[in-house]
Amino acid sequence: MAIAVGRAFPETIHRLCRWHIIDGHSDHLNTIFMRHKDIETEMMTYTPIEFEYAWKEFIDKFGLHDSTELRDLYDIRHRWVPAFFKEDYCGHMTSTQRSESFNRLVKSSFVDHQTALHRFARRILEVVLSRKEKEAAETRACQDVPNVKTAWPFAEQLSRVYTRAVFKVFENTLDESVHFRIEQYGVDQTQWIISHSKRSEKHDWCQRQFKVTADVVNGQFICECMQWEHTGLFCPHLLRAFVHVQVEKIPHTYVLRRYSREAKSDVNFDRRDRPIAGLDGVKLSNRTKVLSLDAQQLVKWGRRSSVAFERATSVMKGLRNQLEEIPADVHGLDADDGVSEHEVEVGDGARPSI
Ligand SMILES: [Zn+2]
């Protein structure tokens, strides 16, 4: 499988699902994890060195030195332990948990091994509808801005941007950051050492110090634990620095769209199932998205008054004439420039209903 994935997706990073790793070694691991629920969490360490210590402690504690299965598992640690691939963004997903939970939902409530094929299709449609209803309810419930426990400006900013669930995670990390000390190193006030101040709660082998760059002027924030690079969410070390250097506003490049309230308002892309990109490598679908969002804003402001409406239609007509003169730099477009039904819907501001 690994060889096939490498050939079919040469630019894709292939890692192993943690859930399958543990499930595939159920004889050894599941029994231990069931009895000692904290172990799995403790194995998910910040750094490779921490993992080495944690693994040794785990093997010693449970007398697993003779297990060839666990030795094999250790040999491929760089493919399933996040500490070894922190530089690879994973969007907070280090297992196939979403597809697995969906599988479980389908099998437990909608279909079983006796479901006929024609019923299967109908039942899957019911699953999709039920999920969409649930997601819509969650979206409605998340519209309110949550109460912010602290008055830090960056926390207030993120409360308006993050979804409610992600903001909760952020606040928990911010709470955790009070257990760290901060001191400057280097000559300018952008380099910091963040240290645990509560030794007793952690193992001896835990890394206690992390180097952090918090450069407010240039909007650059880096922690050597690389949690942001790996998940897109801030670590307690960076948040400790944000408080110390009094960050007013987090640059938008550090707020991933997938964690924001905007994530649900993506317009649908072109439905043609083939990749189309310009000479600069930017996909046609991406251009569609950017232009559609701008066009929606034009409709919003252009319909507020007759003067604005006349101005908008006039400028858009002139702009359209200009754009038609510019030759296309992508291949595979339809004769009419491939404007899909949905795109027409989005841009149809000629007869706005108020
Ligand atoms: Zn960190």
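User: Before we start, when do two strands count as paired?

Analyst: This is a predicted model, so the call is made on its atoms. Two strands pair if DSSP finds, between them, at least two bridges.

User: Then over how many bridges do strand 1 and strand 2 pair?

Analyst: Strand 2 covers residues 191-196, and strand 1 runs antiparallel to it. Within this pair, Ile182 sits opposite Ile194 of strand 2. The bridges between strand 1 and strand 2 number five.

User: Which are the edge strands of the sheet?

Analyst: The sheet is open, with four antiparallel strands in the order 1-2-3-4. An edge strand here pairs on one side only. That picks out strand 1 (180-184) and strand 4 (220-223).

User: On to helix 10: what span should its 13 residues have, at 1.5 Å a residue?

Analyst: Helix 10 takes in residues 164-176.

User: Within what arc do the buried residues of helix 10 fall?

Analyst: The buried ones are Val166, Phe167, Glu171 and Leu174. They line one face of the helix, because down the axis of helix 10 they fall within an arc of 140 degrees.

User: And which residues are exposed on the other side of helix 10?

Analyst: Helix 9 (153-161) and helix 12 (236-244) are among what covers the buried residues of helix 10. The other side has the exposed ones: Ala165, Lys168 and Asn172.

User: How wide an arc do the buried residues of helix 9 cover?

Analyst: In helix 9, Phe154, Ala155 and Leu158 are buried. They sit on the same side of helix 9, because their arc around the axis is only 100 degrees.

Technical notes
Residues are numbered from 1 along each chain as its sequence is written. This is a predicted model: local features need pLDDT of at least 70, side-chain atom pairs count only at pLDDT 80 or more; totals for chains, interfaces and linings use all residues. Helices (H or I, at least four residues) and strands (E, at least two) are DSSP runs, numbered from the N terminus. The expected span of a helix is 1.5 Å times one less than its number of residues. A residue is buried if 20 or more other C-beta atoms lie within 10 Å of its own, exposed if 12 or fewer, and partly exposed in between; C-beta atoms are placed from the backbone. The arc is that of the directions from the helix axis to the C-beta atoms. Two residues are in contact if their C-beta atoms, placed from the backbone, lie within 7 Å.
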